[in-house]
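Hello,

Here is the model I promised to pass on to you. Please have it open while you read, as my notes follow below.

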Amino acid sequence: MEDAVDFFKTVFYIVIGAAVKIMHYAKTGTVNKKRVAITFTFAVFVGMIVNHIMIIQEWHQWSGIAVSISALLGESFVSYLLTNSNNIFRSFINSIFKIDVKNKDE
């Protein structure tokens with residue numbers, strides 16, 4: 001029963017963050033079904049990841065606000081990762097294995 005309550009709390013915080021983002025789009029007049037679906041998909045993806053990180057770190061008291069903010073910024077975060085994935089991957093490989101992966105475009 002406690003797990004179900006925690007799950008619905010997380011869903012509630014994700015909906016708050018995504019709803020704020022949708023309201024921001026409504027202010028500019030660019031709301032449609034596709035934008036709502038994408039916003040909620042990214043909000044759920046990023047919100048659940050942040051929720052699990054907060055649970056692992058035992059920061060339960062901050063989980064609600066962190067999940068709401070991450071859901072609000074979910075689209076921006078995913079867009080950043082997609083845009084900079086090559087640089088992030090190269091930095092990760094270089095820091096772990098001390099191998100400099102060259103970019104063929106450079």
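A word on terms before the findings: buried stands for under 20% relative accessible area, exposed for over 50%, and partly exposed for what lies in between (1.4 Å probe, protein chains only). The model is predicted, so local features need pLDDT of at least 70 and side-chain atom pairs count only at pLDDT 80 or more, while totals for chains, interfaces and linings use all residues. Residues are numbered from 1 along each chain as its sequence is written, and side-chain values use heavy atoms, with hydrogens and water left out.

Let me begin with helix H2. Helices here are DSSP runs (H or I, at least four residues; strands would be E, at least two), numbered from the N terminus. H2 covers residues 33–56. With 24 residues, H2 reaches 35 Å from its first C-alpha to its last, close to the 34 Å expected at 1.5 Å a residue; the expected span is 1.5 Å times one less than the number of residues. Its buried residues are Thr39, Ala43, Val46, Gly47, Val50, Asn51 and Met54. In general, an α-helix has 3.6 residues a turn, so residues three or four places apart point the same way. The cover over the buried residues of H2 includes H1, H3 and helix H4 (74–83).

Thr39 counts as buried because its relative accessibility is 2%. Leaving out residues up to four places away in sequence, Thr39 touches Ala18, Lys21, Ile22, Tyr25 and Glu75, where contact means heavy atoms within 4.5 Å. His52 also has its place in H2, but His52 counts as partly exposed because its relative accessibility is 45%. From His52 to Glu75 there are 23 residues in sequence and 19 Å in space, C-alpha to C-alpha.

The largest nonpolar core has 9 residues: Ile14, Ala18, Ala43, Val46, Val50, Met54, Val67, Ala71 and Val78. H1 (2–28), H2 and H3 each supply at least two residues of this core, and the largest share, 4 residues, comes from H2. By nonpolar core I mean a set of buried Ala, Val, Leu, Ile, Met, Phe, Trp, Tyr and Cys residues joined through side-chain atoms within 4.5 Å. One of its members, Ile14, is in contact with Ala43, Val44, Gly47, Met48, Val67 and Ala71, setting aside neighbours within four places in sequence.

What follows H2? Glu58 comes after H2, with a positive phi. That phi is about 60° although Glu58 is not a glycine. Glu58 lies in the loop between H2 and H3 and counts as exposed because its relative accessibility is 61%. Trp62 is found in the loop between H2 and H3 as well, and it counts as exposed because its relative accessibility is 52%. The C-alpha atoms of Trp62 and Asn51, 11 residues apart along the chain, are separated by 9.5 Å.

Trp62 also belongs to a nonpolar surface patch, together with Trp59, Ile65, Ile69 and Leu73, with about 540 Å² of accessible area together. Patches are made of residues with over 30% relative accessible area and no salt bridge, where like charges are joined within 9 Å and nonpolar side chains (Val, Leu, Ile, Met, Phe, Trp, Tyr) within 5 Å. A salt bridge is a side-chain nitrogen of Lys or Arg within 4 Å of a carboxyl oxygen of Asp or Glu. The accessible areas come from the Shrake-Rupley method with a 1.4 Å probe, and for residues only the protein chains shown count as cover. Leu73 is partly exposed because its relative accessible area is 45%.

Best wishes
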